Amino acid sequence: MLRLSDIKLPLDHPPEALTAAVRARLGLADDVPLDVAIARRANDARRRTAILLVYSVDITVADEDAILARFPGDPHVRRTPDTGYRFVAHAPPGNTTPRPVVIGAGPCGLFAGLILAQMGYRPIILDRGKVVRERTKDTWGLWRRGVLEPESNVQFGEGGAGTFSDGKLWSQIKDPRFLGRKVLTEFVTAGAPPEILTEAHPHIGTFRLVTMVEHMRATIESLGGEYRFGTRVDDLDIDEATDGTRTIRGLHLADGGYLAASHVVLAVGHSARDTFHMLHDRGVHVEAKPFSIGVRIEHPQGWIDRARFGACAGHPDLGAAAYSLSHHCKNDRTVYSFCMCPGGTVVAATSEPGHVATNGMSQYSRAERNANSGIVVGIDPARDFPGSPLAGIALQRHWERAAFVAGGSSYAAPGQTLGDFLAARPSTGFGSVEPSYRPGVHPTDLAECLPDYAVAAMREALPVFGRQIPGYDHPDAMLTGVETRTSSPVRITRGQDHHSLNTRNLFPAGEGAGYAGGILSAAIDGIKTAEAVALSINAA
Ligand code: FAD
């Protein structure tokens, strides 16, 4: 099969135009037998008056070698890559190997568990939160009634942090082994729409994620894996040899139980602050890492659609428009859009009582009234939170508590119109953009909930963004805070072999360990970590 890329067609092209474009590109006559399958579809909306669909296609045709010979060095005509996944190891027959333990049932732990199960290692997956249906009720409990369940919420429980999300499934990480394809294929098997395999920027929205997570649990269990929910790991049992080598031996659980464990995947996500403290206390190598803080911004989705797509706004092939923005400021800070959710809602994303943190989610249809996105400022340990490896957690907590108080100490979030924010004037009400955050938004001054350098940077960047997307800096655009959980504030450092730098057979993985940012990259890291665990078990 051959892969032909960069085929551009107008938005409303008839279906047969694609095959015609392939024939024209390759110089194939109409009577040459040809089969064309779409491998990837993106849109190019740089010229709003001439929006294009951009295809990569796989073609089946006789005499591929002769065609390739006519396009030497052309990066857009090549053999279709082999994207199939191959297991790096298999458990020996007879269930004789120790069962690996995976801490965390988010995308990273889920894929680590799935791959280990598919290789025959019968993993045990622990999660401090609840099974996804029960967790959904608790999460909505905060959003609807302002009641936070500290062990079962938007961050903790089956499916992990991305369960109630926009379900964006792309990543900019290098993926030479096409592990992302393995992730998307498993998601489709679990019930995701098949177009996630071909869309350049696929997303699945919240409700489908819930059923997919359940489906994947059933698969893992059918392969001999086991889940234990409501099982928080509170301490590690580490063997210290006389030569100083440290090796994981078991896990102490919150209910007082003990689980012997010779190989442990640590996929606890970026909000397991108590677990980070425990790891640090136990001497596991942890270091501070950069992350970002800021606010969520909301505009009517129609404004963004018209700014992006002009007269084609609302076209079914384009969907709700997304955006990506970045500005480097005079104070040497970078402000950028983060986790943009077209047609979605801003959600309460705290896992700690007395704190407020924001994030965004959407349904598959992306049909809600507002577009939302984080507008965040990059911060780093040396400049902004020097000292302890855990200082970033203290900084997050400080501003999340400030947001809780500014919001009225009821889990309502502090909010401000963009016009008032730029004028350094507290808001006393809202304009034409209705904030979507639940349980509610309290008009106030967001400068009370963010460091001065972040406020200054955002005040510089927002008008710049308004020149890129007309209406972006409209005075009624709505800001809600605070966005603090953009990525992990720590790295649980590992070596090339995926073992913790100073604790053998402990495999830090995913977003919490600082090795992923987003659902797809966390899942890919779960696969890589499962492979490292399997090779380590077989070598023992
Ligand atoms: P997590 O998903 O955080 O999973 C960690 C798991 O570990 C949790 O289930 C937790 O309960 C468990 N755990 C923690 N500590 C312990 C312990 N001590 N013992 C036992 N279990 C423990 N990313 C995207 O790519 N696209 C999006 O559209 C998107 N939208 C998002 C929307 C929201 C509201 C949020 C909060 C996040 C969103 N993200 C999105 C980010 C994405 O969810 C994360 O990058 C991803 O979930 C990280 O996966 P993970 O498996 O590393 O960690």
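Trainee: In which sense do β13 and strand β20 (residues 478–483) pair, and over how many bridges?

Mentor: This is a predicted model, in which local features need pLDDT of at least 70 and side-chain atom pairs count only at pLDDT 80 or more, while totals for chains, interfaces and linings use all residues. Residues are numbered from 1 along each chain as its sequence is written. β13 and β20 pair in the antiparallel sense over five bridges, where strands (E, at least two residues) are DSSP runs numbered from the N terminus and two strands pair if DSSP finds at least two bridges between them. β13 also runs antiparallel to strand β17 (residues 370–379), to which 10 bridges join it. V295 stands opposite I375 in β17, and V295 likewise stands opposite G481 in β20. Nine of the 10 residues of β13 (residues 291–300) are buried, so the strand is largely enclosed by the rest of the structure; a residue is buried if 20 or more other C-beta atoms, placed from the backbone, lie within 10 Å of its own.

As for the setting, an unreviewed UniProt entry lists residues 290–486 as "domain: FAD-dependent protein C-terminal", an annotation that may be inferred rather than shown by experiment. The end C-alpha atoms of that span lie 10 Å apart, and the span is 26% helix and 29% strand, helices being DSSP runs (H or I) of at least four residues. An automatic or database domain assignment divides the protein chain into domain 1 (2–79), domain 2 (101–285 + 492–539) and domain 3 (290–483).

Note on methods. A residue is buried if 20 or more other C-beta atoms lie within 10 Å of its own, exposed if 12 or fewer, and partly exposed in between; C-beta atoms are placed from the backbone.
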